[in-house]
Amino acid sequence: MKTKRNINNIARATGVPEQNMQQFISDSPWSGSDLITVLQQDVGCHPQFQQESVLLIDESADEKAGEHSAGAGRQHNGRLGKVEMSQVGVFLSLTNNGYHTWVDGELYFPEKWFTAAYADQRKRIGLPQDRVFATKLELALQMTKRVHENGLPFSAIDCDSLYGRAGWLRDEFNQAGFEYYADVPRNTEVYLSPPLVTYPLTQKGKPAKKREIIGVAYSVKALKHHSQTEWEKIDLRPNERGMLRAKFARLRVWTVRDDDSLREEWLLIRQDKKRTTYSLSNAPKTTSLLTMAQRKSQRYFIERSNQDAKSELGWDEFQAIKYRAWDHNLAPTTMASWSID
């Protein structure tokens, strides 16, 4: 299409009355989620994704002119690099050997959308009455469990530090049996040996309310140059300049949960020419560094999935107000993503 790929222009291009197309997208009762479920089952049956696929989590924002659209509000827009009036979706992409496709998504609603002041707006955009506030992390967890229940095969999950720094989310992934590679900020504190969590007695002989952690804490950044850190250069995948290579190192580390129990994980460090990233993983101790490096280094492909949805499939040109319209637009966009993968 030479014009913007919005609902009215698509109607004109396909010879469908504009009102009919608007009704089909915004008000028709067909289920976008049911279509996506069938799509996930189709993806899961494809030989390309049967083994060593990685499930990727990321968000994507689209700039909006005002708060009329479902979920719109002043929130961080990664594409613009600042807080702006935007609509934000949390998306899952499945990748394997360079193939990648959207497999699910949820529209994020800022918490203020669930206040009494927004009652009329919730009604206007058709937000289901049983929808309650959920953080982006909670939406990611819901979708991850959902695609697993729908039979989508994946060997590991990759996510950036927005999701990875939340210990409770890593615990949820672990309890569900999902192997994760979760980026964390470089100032994240870890221990190279199990620390001791205590509550020292006060002068009155009662345990203090604030815990004391006995052990040597390191920021993950500091461990980049630690004497125990051994580096290995690994070939990851072909790229436009030949072969993508990076240096990797890993260490067994411990972090402390809010309930004072300890969490043992791998710290996986990736060093490129201009950037170093730090990830925590629950991969089994027997997992090779090569396997961990390959599974961890897949996040590029959800950025490609997000970009393809916008540039190739017109996702960022979508203009509608209602929640059902967003859900209905997600289903055919996801189907198109799979069809052209």
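**Figure 1. Sequence separation of contacts in the predicted model.** In this predicted model, contacts between residues at least 6 apart in sequence were examined, and 63% of them join residues at least 24 apart. The protein contains 10 helices and 14 strands.

**Figure 2. Overall dimensions and burial of the protein.** The C-alpha atoms fill a box of roughly 75 × 60 × 35 Å along the principal axes. The radius of gyration is 23 Å, which agrees with the value near 20 Å that a compact globule of 341 residues would have. Of the 341 residues, 48% count as buried, that is, with under 20% relative accessible area.

Figure 3. The side chains include 47 positive and 43 negative ones. The centres of these two sets lie 5 Å apart.

**Figure 4. Pairing of strands β2 and β3.** Strand β2 comprises residues 73-77, and strand β3 comprises residues 82-96. The two strands pair in the antiparallel sense, over 5 bridges. Within this pairing, Asn77 stands opposite Lys82 in β3. In a regular strand, side chains alternate between the two faces of the sheet.

**Figure 5. The turn of the β2 and β3 hairpin.** Between the two strands of this hairpin there are 4 residues. In the hairpin, Gly81 takes a positive phi near 75°. Lys82, in β3, is the residue that Asn77 stands opposite.

How values were computed:
Residues are numbered from 1 along each chain as its sequence is written. This is a predicted model: local features need pLDDT of at least 70, side-chain atom pairs count only at pLDDT 80 or more; totals for chains, interfaces and linings use all residues. Side-chain values use heavy atoms; hydrogens and water are left out. The radius of gyration is taken over C-alpha atoms; the globule rule is 2.2 Å times the number of residues to the power 0.38. Buried means under 20% relative accessible area, exposed over 50%, partly exposed in between (1.4 Å probe, protein chains only). Contact means heavy atoms within 4.5 Å. Lys and Arg count as positive and Asp and Glu as negative; His and the chain ends are not counted. The place of a charge is taken as NZ of Lys, CZ of Arg, CG of Asp or CD of Glu. Two strands pair if DSSP finds at least two bridges between them.
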